[in-house]
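Dear colleague,

Please find below the structure I promised to hand over, together with its sequence. My notes on its salt bridges follow.

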Amino acid sequence: MKETGVAILGAGRWGKHLVRNFLTHPDACLVAVVDPYPETLAAIKDKYNLAPEVRLATDWESIRDLPTIEAVVIATPAVTHYTLIKDALQQGKHVLAEKPLTLDVAECLELCHLAQEKQRQLMVDHTYLFHPAVKRAQEVVNSGCLGDLRYGYAARTNLGPVRQDVDSLWDLAIHDIAIFNHCLGQLPVQVQAYGRVWLQFQKEFQVSQLPVEKEFQVTQLPVESSEDNQGCSQSLTPQQPDNLQPPNLQPPNLQPPNLQPPNLQPPNLQPPNLQPANLQPANLQPSTPQGLADLVQVTLTYPTGFQAFIHLCWLNPDKQRRLGIVGTQGTLIFDEMVAQAPLTIQHGYFEQNGEYFIPAGQHREVLDLESHEPLYSVCDRFLNSVRLSQPSSISSGWVGAQLVNILSCLSQSLHQGGVPVTVPQLPK
C-alpha cells in the first residue's frame, strides 16, 4: 500500500505527539516538520531519531512546494489555522488540523467548501471523539440502559495553563461539548454562558476580531498552543517575560462591586420545567465580563429538552476531568482521573411507596474498554479518509465547524451577561 507523505506544522506540546504517531504508522511517510524554533526542531530530531531525508524547516513557505507532501497536519495556535489550512487546500493537500478548526464560523464554512471543491479531506483532531471511553459511552446511551435521559454535567478544572490569547471557554469547553454531542447524536439548539475574571482584566477576546501577531504569520509558525491535552509537556513552549503583566494593570475600578451581584444565581435559576423561555429571567443578566474569563459556567439545551451543565476553570487546583449523563435508571460517568476505571455506570432508581421515594437497584458497574491511544486512532482515521477519499463521519471539517458555531454562540451569551442564545443551523 502506498504511503501518504505527511508534513507536520508545529512541533510543540501537541505537535510532538503527532510526529510520534505518524512516524510509527505504516501508511504514513513523514516528509517534513515545521517549527519556527530551531531548538525545538533539534529536540524533535534527537528524540525520535528522524531520518536525514525528513526536512526540518522554520517556515512553511520553504517546503510547501515539495511534491512528496500529500497531507498537512496543523498543530499551531488556532489563530493561524485559517491561513494555513486554506493555503494547504489550495495547494491540493489533505489537511488534519488541531481543534478548533478556526475561531470564526464563516472561515470554517469557507474551508469546508474549499475542501469539497478541491476534493480533499479536511479533518479536525477532536481527540476525545476517538477515545475508547467515549466510543463505549455512545453505545451505552444508545442501548437505553440508562432509561430516560434527564440531564448531563461535566467539570474541567485545573491550576493552569492560563492562556493569553483566548478565555477558558474556548480553551476547555470544546472537549465536553464534543462528547455530549457525540453521545447524544444531537446538536444543542440553545446555549448560555456566565463568566468571571480574576487574572487578566486588561485583555479582551473577540472571536471574529482576533489580531494576528507577526510571529503567527504563515512564514513563521509558532509552537502549538498550550491547550489542555493529555500527556503534553510544556517544556517546548516559550515563556512570557516576567514583566508582561505588572501588578498595576488590574486596578480595582476595572471590576465594579456590582459586576457580579449576589443574586446572580438564585435557587430558581434552573426551574423544574427548564423551558427556553424561562431559562434566563430578566433580573439575571449580569454585566459583560471584562477580560479573559477564568471561570465559565455553560448550559447546553438540546432538541429533546436534555440539558448539559459544564463547569470550566483554569484557576482551580482541584483537577477534574469528569462527565456524567444521568438517566432514570442510572448515571454514566467518564472520569479521566480514575485511570483504572475511567468509565462506569452507577445504577440506581426510585421505587415509590405512597408518598415516599425509596432508592433501589444501586450498584456500580465498571465498563471494559479497548486499549489504544486515541491520537493514534485520529491519525489512522485521517490516513484512511485520504486513502478512500471519504470524509470522517466522526470528526470532519463540518463537525469542527458545528463546534465552532456553538462556541461562538456561547461567547455571545458570555459577553451579553448570560442571556440565552439560539444556535443557528449551519448552511452546507
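Lys86 counts as partly exposed because its relative accessibility is 25%, and this is a predicted model. The side chain of Lys86 meets that of Glu110 in a salt bridge, with an N to O distance of 3.2 Å. This pair links distant parts of the chain, since Lys86 belongs to helix 3 (residues 81–90) and Glu110 to helix 4 (residues 105–118), 24 residues apart. Glu110 is likewise partly exposed, at 32% relative accessibility.

A second salt bridge joins the side chains of Asp27 and Arg387, at 3.3 Å from N to O. Asp27 sits in the loop between helix 1 (15–24) and strand 2 (28–34), whereas Arg387 is in helix 7 (residues 374–388), so the contact ties together parts that are 360 residues apart in sequence. The two partners may be described separately: Asp27 is buried, with 17% relative accessibility, while Arg387 is partly exposed at 36%.

Arg163 and Asp165 also form a salt bridge through their side chains, with 2.8 Å between N and O. Here Arg163 is buried, at 4% relative accessibility, which falls under the 20% cut-off. Asp165, by contrast, is partly exposed, with a relative accessible area of 31%.

Beyond these pairs, there is a network of salt bridges that links Glu61, Arg64, Asp65 and Asp87. In total, 14 salt bridges were counted in the model.

With kind regards

Technical notes
Residues numbered from 1 in each chain as written. Predicted model: local features only at pLDDT ≥ 70, side-chain atom pairs only at ≥ 80, totals over all residues. Heavy atoms only, no water. Salt bridge = Lys/Arg side-chain N within 4 Å of Asp/Glu carboxyl O. Helix = DSSP H or I, 4+ residues; strand = E, 2+ residues; numbered from the N terminus. Buried < 20%, exposed > 50% of the residue type's maximum accessible area, 1.4 Å probe, protein only.
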